[in-house]
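Here is a short briefing on a predicted model and its ligand site. Please read it alongside the structure.

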Amino acid sequence: MESEADIFYRELPKVELHAHLNGSVSFQTIDKLLRRKPHLNIEHSMTAIDRGQRRTLDECFQVFKVIHQLVESEEDILMVATDVIKEFAADGVKYLELRSTPREEKNTGLTKNRYVETVLKSIQQCKEEEVDIDVRFLVSIDRRNGPQVAMETVKLAEDFMLSSDGLVVGLDLSGDPMVGHGRDLIPALQRAKNCGLKMSLHLSEVPSQLEESDLLLNLPPDRIGHGTFLHPEVGGSASLVDKVVKNNIPLELCLTSNLKGQTVPCYSKHHFKYWYQLGHPSVICTDDKGVFSTDLSQEYQLAASTFGLSREAVWKLSQQAIDYSFAPDAMKQQLRQKWVDLQPQVFK
Ligand code: 6MZ
């Protein structure tokens with residue numbers, strides 16, 4: 001049964017800015033995919049990390065490979081994206097920025113173009129069904145695939161930014177942080193910036209990436225994913241922090257993901273504390289709600305209980321996230337109004 005606190009966090013209107021599509025697939029949707037593809041011999045334990053379990057980040061990336069085997073046709077993508085959007089809406093998320101890496105699948109004839117079109121179709125269908133959520137899309141570059149694919153991905157994102165009626169707003173740089181070097185991706189990212197794509201970059205998700213983070217911060221990005229090892233207390237540097245602060249770059253922080261992926265030792269040592277105490281723009285996000293068996297309400301509740309945040313402080317966090325989104329100004333205004341309208345009900 002839901003406690004009074006559970007209800008508060010679910011009813012709290014929320015903004016999700018860091019959600020990878022294939023990492024967000026729920027247990028229920030995985031079930032439907034498994035039934036479609038019994039020949040793959042995949043089990044639930046291979047697609048999610050349960051409560052209390054932890055894996056190395058490397059093992060987390062193996063999980064994505066398994067999910068990719070299950071999601072390989074337009075039909076799969078449409079179902080997965082639609083389910084994910086509706087689940088976020090049911091969790092009280094009013095604005096969602098979904099991100100995903102366009103994939104080509106020889107087996108099913110899927111192309112990268114069709115991949116993006118299919119995600120956009122699911123966003124449009126949810127809108128037509130009046131699901132209570134606004135969704136925008138970020139095209140992901142998987143750093144593993146190198147500079148040439150990164151440049152192609154930027155061009156793809158650029159085309160869709162111009163033709164998707166505002167649904168594609170930007171670019172994400174993600175993928176296994178141990179593979180490749182950000183230096184090689186600078187030309188592609190610079191091009192993205194020049195053509196007006198908003199940019200969220202995974203930065204310092206693992207230790208010892210000071211040089212790469214410094215280079216990427218010079219772009220500068222519009223938001224940072226994780227930034228776990230940027231600050232000096234964990235081997236980062238004052239000059240990196242300085243760049244983030246001077247450029248006022250919001251951080252997307254994902255507590256459970258970092259704990260389960262073992263890049264932070266425990267919740268109380270999560271870098272949320274450092275940045276929050278600094279008064280720096282920080283947004284609570286899920287990263288991969290399916291893989292890490294969580295949702296955004298739980299993440300807010302976890303941040304509040306770990307760091308002693310009052311309900312008013314939690315409200316402020318969720319409200320400020322609107323400012324850090326890549327939504328157009330008119331939509332930000334509508335969202336702010338929604339928060340005003342919902343406040344009496346949430347604090348009843
Ligand atoms: C870096 C991550 C990630 O794109 O197929 N991804 N990249 N760090 C993380 N922290 C755990 N979690 C997910 O969704 C899955 C892909 O998102 C990226 C990886 O590239 C992964 O393959 P899509 O929808």
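Helix α3 (57–70) and strand β2 (93–100) each supply at least two residues of the shell around the ligand. Helices (H or I, at least four residues) and strands (E, at least two) are DSSP runs, numbered from the N terminus. The model is predicted: local features need pLDDT of at least 70, side-chain atom pairs count only at pLDDT 80 or more, and totals for chains, interfaces and linings use all residues. Residues are numbered from 1 along each chain as its sequence is written, and side-chain values use heavy atoms, with hydrogens and water left out.

**Ligand site**

- The largest share of the shell, 3 residues, comes from α3.
- Of the 19 residues around the ligand, H68, S100, T101, E205 and D288 come nearest; a residue is near a molecule or strand if one of its heavy atoms lies within 4 Å of it.
- The shell divides into 4 nonpolar, 10 polar and 5 charged residues. Here Ala, Val, Leu, Ile, Met, Phe, Trp, Tyr, Cys and Pro count as nonpolar, Asp, Glu, Lys and Arg as charged, and the others, Gly among them, as polar.
- S100 places a polar side-chain atom 2.6 Å from a ligand oxygen atom. T101 also has a polar side-chain atom 2.6 Å from an oxygen atom of the ligand.
- For D287, a polar side-chain atom lies 3.3 Å from a nitrogen atom of the ligand.
- The protein covers 98% of the 510 Å² of accessible area that the ligand has on its own. Accessible areas come from the Shrake-Rupley method with a 1.4 Å probe; for residues, only the protein chains shown count as cover.

**Buried polar and charged residues**

- E97 lies in strand β2. Its relative accessible area is 0%, so E97 is buried (buried is under 20% relative accessible area, exposed over 50%, partly exposed in between, with a 1.4 Å probe and protein chains only).
- H18 sits in strand β1 (residues 14–20) and is buried, at a relative accessible area of 0%.
- The H18 side chain makes polar contacts with the side chains of H202 at 3.3 Å and E252 at 2.6 Å.
- Not counting residues up to four places away in sequence, H18 touches E97, H226 and D287, among others (contact means heavy atoms within 4.5 Å).

**Nonpolar core**

- The largest nonpolar core has 105 residues, and L96, L98, I133, F137, L171, L189 and L309 touch the most other members. Such a core is a set of buried Ala, Val, Leu, Ile, Met, Phe, Trp, Tyr and Cys residues joined through side-chain atoms within 4.5 Å.
- Leaving aside neighbours within four places in sequence, L171 is in contact with residues including L138, V154, L189 and M199.

**Backbone exceptions**

- Most residues other than glycine have a negative phi, and most peptide bonds are trans.
- A cis peptide bond joins L219 and P220, with omega about -20 degrees. P220 is in the loop between α8 (210–217) and β6 (223–226).
- S208, not a glycine, has a positive phi of about 65 degrees. S208 is in the loop between β5 (198–203) and α8 and is exposed, at 72% relative accessible area.
- H226, not a glycine, has a positive phi of about 70 degrees. H226 lies in strand β6 and counts as buried, at 0% relative accessibility.

Key. Polar contact = N/O pair within 3.5 Å; in protein donor to acceptor, adjacent residues only side chain to side chain.
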